[in-house]
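Start with the structure itself, then read on.

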Amino acid sequence: MEIQRITSFSIDHNVLVPGFYISRVDGNIVTYDLRTCRPNAGDYMTNSAMHSVEHLFATYIRNSEMGPDVVYFGPMGCQTGFYLLVKDRPAEEVFAMTKTVLRQILAHDGPMFGASAAECGNYRNLSVEAAKVEAERYLAVLEQLDGRDFSYPKGENT
């Protein structure tokens with residue numbers, strides 16, 4: 001069996017900056033790369049922050065009008081962002097919803113969603129404040145984008 005290189009390894013991570021990218025399209029499902037940190041630059045999300053954003057973002061987006069079309073939301077193992085898979089929605093709408101959800105995280109007033117042993121395998125590693133710090137940082141990046149070009153920057157491997 002020949003092993004094929006996966007799409008995400010073909011992106012030159014040396015030129016990748018925080019942003020909102022279309023990673024791949026599989027029929028009517030689009031994988032978005034919500035890149036919150038510059039890869040290989042030493043500025044990574046802590047596990048607690050990443051885990052906390054995951055709990056809040058996933059809950060808010062699945063409770064939005066886009067919720068039925070959300071296939072998956074979860075962190076990248078490299079601690080530099082998240083993948084969001086959505087079906088049947090234009091990229092501009094997903095981009096706008098991402099900013100809406102980040103604002104909801106910033107406005108979150110209450111306990112962390114899913115913060116019990118029955119709901120989470122590492123529930124003690126959650127922090128609303130850590131999630132808010134990451135949400136604020138990433139929202140500032142997205143506010144600088146025009147919301148139309150979601151392609152990866154070009155580099156050696158792309």
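## Helices α1 and α3

A49, S52, V53 and L56 in α1 meet A130, A131 and E134 in α3. Contact here means heavy atoms within 4.5 Å. By class, this contact has five nonpolar, one polar and one charged residues. Ala, Val, Leu, Ile, Met, Phe, Trp, Tyr, Cys and Pro count as nonpolar; Asp, Glu, Lys and Arg count as charged; the others, Gly among them, count as polar.

Helix α3 covers residues 128-143, and its axis lies 8 Å from that of α1, at an angle of about 85°. The two helices are therefore roughly perpendicular to each other. The cut-offs are under 35 degrees for roughly parallel, over 145 for roughly antiparallel, 65 to 115 for roughly perpendicular, and oblique for the rest. Axes are lines fitted to C-alpha atoms, for helices over the stretch in contact, and angles run from 0 to 180 degrees between N-to-C directions.

## Basis of the model

This is a predicted model, in which local features need pLDDT of at least 70, side-chain atom pairs count only at pLDDT 80 or more, and totals for chains, interfaces and linings use all residues. Residues are numbered from 1 along each chain as its sequence is written, and side-chain values use heavy atoms, with hydrogens and water left out. Helices (H or I, at least four residues) and strands (E, at least two) are DSSP runs, numbered from the N terminus.

## Helices α1 and α2

Helix α1 (residues 47-62) also packs on helix α2 (residues 91-107). Their axes come within 9 Å and cross at roughly 120°. The pair is therefore oblique. The crossing is right-handed. That term applies if the near helix is turned clockwise from the far one by less than a right angle; anticlockwise gives left-handed.

From α1, the contact uses L56, F57, Y60 and I61. From α2, it uses M97, T98, V101, L102, Q104 and I105. By class, there are eight nonpolar, two polar and no charged residues.

## Helices α2 and α3

The axes of α2 and α3 come within 9 Å and cross at roughly 145°. This crossing is left-handed. On the α2 side, the contact is made by F95, T98, K99, L102, R103, I105, L106 and A107. On the α3 side are A131, K132, A135, E136, Y138, L139, L142 and E143. By class, the contact has ten nonpolar, one polar and five charged residues.

## Helix α2 and T98

Buried residues of α2 include A91, V94, F95 and M97, as well as K99. Buried means under 20% relative accessible area, exposed over 50%, and partly exposed in between (1.4 Å probe, protein chains only). The buried residues of α2 pack against β1 (19-26), β2 (29-35), α1, β4 (81-87) and α3.

T98 lies in α2. Is T98 buried or exposed? T98 is buried, because its relative accessible area is 0%. T98 touches F20, L34, F57, L84, Y138 and L142, not counting residues up to four places away in sequence.

## Two loop residues

Q79 lies in the loop between β3 (70-75) and β4. Its phi is near 65°, a positive value in a residue other than glycine. At 26% relative accessibility, Q79 counts as partly exposed.

D88 lies in the loop between β4 and α2. Phi of D88 is near 60°, again positive in a residue other than glycine.
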